[in-house]
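Hello,

Here is the structure I promised to pass on to you. Please open it alongside this email, and my notes follow below.

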Amino acid sequence: MKYDVVIGLEIHVALLTESKFLCSCSTAFGAPPNTQCCPVCLGLPGSLPVVNEKAVEYAVKAGLALNCQVHTFSRFDRKNYFYPDLPKAYQITQDTYPLCTDGFLEYYIDDELRCTAITRLHLEEEAGKLIHSGSSIVDSEYSLVDYNRAGIPLIEIVTAPDITSPRQARLFLEQLRLVMRYIGVSDVKMEEGSLRCDANISLKPQGSPVLGTKVEIKNLNSFRALERALEYEVKRQSAVLERGGKIKQESRTWDERAGRTLSMRSKGDAPDYRYFPEPDLPPLQLDPAWVNCLKDTLPELPLARLRRLEESYGLSRYEATFLVNYPDFGDLFLELAKAGEDNTALVNLLMGDYARLAREQGHLAPGRIAELLRIVAEGLITHNQSKAVLEELFRSPLSPREIVRDKGWEVLRDAEQLRAMVQEALAANPDIVSRYRAGEERLWGYLVGQVMRAAAGKADPKVVNELLKEELARG
Ligand SMILES: [Zn+2]
């Protein structure tokens with residue numbers, strides 16, 4: 001039987017505020033354990049939380065960038081559960097009245113534009129971090145707790161279950177990360193945990209309107225893990241259904257090393273969080289004018305930039321995607337293209353050797369890149385030589401023209417000089433010459449190569465070709 005795959009994602013994004021959500025502790029990553037805590041984020045009796053305005057601002061910006069309705073009234077709730085990384089034994093979150101609802105995000109799967117609905121986006125606080133003495137909680141003698149992370153502001157983003165393949169889930173998450181980076185509300189590093197994702201997945205007979213039983217997968221800490229875990233679940237669930245079995249509603253964890261998901265807990269064991277309104281915080285009431293102001297501060301978002309690069313600059317999807325995925329390259333391209341540089345030459349340069357060198361050593365000043373393009377266009381150096389000049393630009397403070405002059409890299413066009421080199425090459429290879437004349441045309445390239453070598457690669461290939469033709473005709 002054929003099945004439709006139904007996937008929904010739940011994403012947590014740590015916001016890049018300098019202080020925590022409900023107290024003034026620092027959020028800097030990598031400090032010694034338990035040095036960034038206070039009575040509020042440790043939940044000591046009598047301490048009172050105060051909402052960080054920057055966290056609200058970032059959450060609103062994220063909601064706007066995801067085309068959500070931002071509610072001027074929202075409320076905080078307590079989510080009660082016991083776990084050692086949660087010092088208060090409850091998490092301050094938003095349950096009944098979230099900050100944002102009803103958004104969507106558009107992104108491409110190959111050439112096809114897809115749209116995934118965002119059900120809700122709300123603010124909440126991060127838990128602490130457990131550090132196990134062994135490799136995992138089950139084989140550890142003891143665990144330590146670091147509360148530096150406790151109370152960092154998070155947004156939780158929940159999608160509608162309208163993703164239909166593991167690959168689509170990954171592409172959606174990649175686009176979401178890009179949007180968060182563009183608006184600057186998070187550093188969205190999956191390896192540091194500032195972007196996390198859980199996935200719900202179920203299967204149903206193809207075309208059926210009835211949803212199947214869903215399974216939640218946790219512990220997906222890379223894009224690859226997300227896609228692989230979902231692929232594994234599609235196979236596992238269809239095998240169960242093929243056998244006539246039933247899918248159990250449960251939470252499963254992804255075991256990266258084994259390449260499979262494992263059952264964590266079934267629905268019956270799911271905790272009852274006993275949500276109730278947070279008594280220590282007033283509801284969040286936003287001024288609509290402030291929300292509108294934030295809307296005006298949003299930068300151009302990835303999809304809009306992609307379209308502009310294709311439509312106004314004539315770039316291919318491949319080129320535009322590169323520039324969108326690496327916004328620093330995109331900014332550089334737009335700055336230089338605006339200054340009138342040739343789009344094709346520019347994008348080829350940026351995506352070629354330049355990309356490798358800039359990633360290792362940082363970007364060059366735009367003016368130096370522009371000059372390099374210009375001296376190639378003018379014919380001062382060949383395209384081939386421009387690679388050497390580029391390497392040199394990363395080492396030397398000189399301008400491209402100065403480098404060419406210093407190194408004596410100007411293209412050699414002088415017909416007299418080149419003719420002598422051609423004649424020498426022919427004289428030195430009588431055997432090749434006679435074979436060429438006898439019809440072995442492929443030897444032409446060899447002869448050109450000999451002249452180029454004599455000219456240390458600086459000869460203008462067009463002139464060399466013409467002279468070689470003349471000299472061979474003469475003999
Ligand atoms: Zn604190």
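How many salt bridges does a search of the whole structure find? The search gives 36, where a salt bridge is a side-chain nitrogen of Lys or Arg within 4 Å of a carboxyl oxygen of Asp or Glu. Please keep in mind that this is a predicted model, in which local features need pLDDT of at least 70 and side-chain atom pairs count only at pLDDT 80 or more, while totals for chains, interfaces and linings use all residues. Residues are numbered from 1 along each chain as its sequence is written, and side-chain values use heavy atoms, with hydrogens and water left out.

A few of the pairs, to start with. Glu-227 bridges to Arg-170, with 2.4 Å between the closest N and O atoms. This pair links distant parts of the chain, 57 residues apart: Glu-227 sits in helix H3 (residues 223-242) and Arg-170 in helix H2 (residues 166-183). Helices (H or I, at least four residues) and strands (E, at least two) are DSSP runs, numbered from the N terminus. Both Glu-227 and Arg-170 are buried (under 20% relative accessible area; exposed is over 50%, and partly exposed lies in between, with a 1.4 Å probe and protein chains only).

Helix H3 also holds Arg-228, whose side chain meets that of Glu-256 in a salt bridge (2.8 Å, N to O). Glu-256 counts as partly exposed because its relative accessibility is 35%, and Arg-228 is partly exposed too, at 26%. Arg-395 and Glu-392 form a salt bridge at 3.0 Å, N to O; Arg-395 is exposed at 59%, whereas Glu-392 is buried at 13%. There is also a network of salt bridges linking Glu-233, Arg-236, Glu-250 and Arg-252.

Now the domains. An automatic or database domain assignment gives domain 1 (3-290), domain 2 (298-407) and domain 3 (415-474). Between the C-alpha centres of domain 2 and domain 3 there are 34 Å.

Finally, where does the second largest pocket lie? Its lining takes residues from both domain 1 and domain 2, so the pocket lies between them. H2 supplies the largest share, seven residues.

Best wishes
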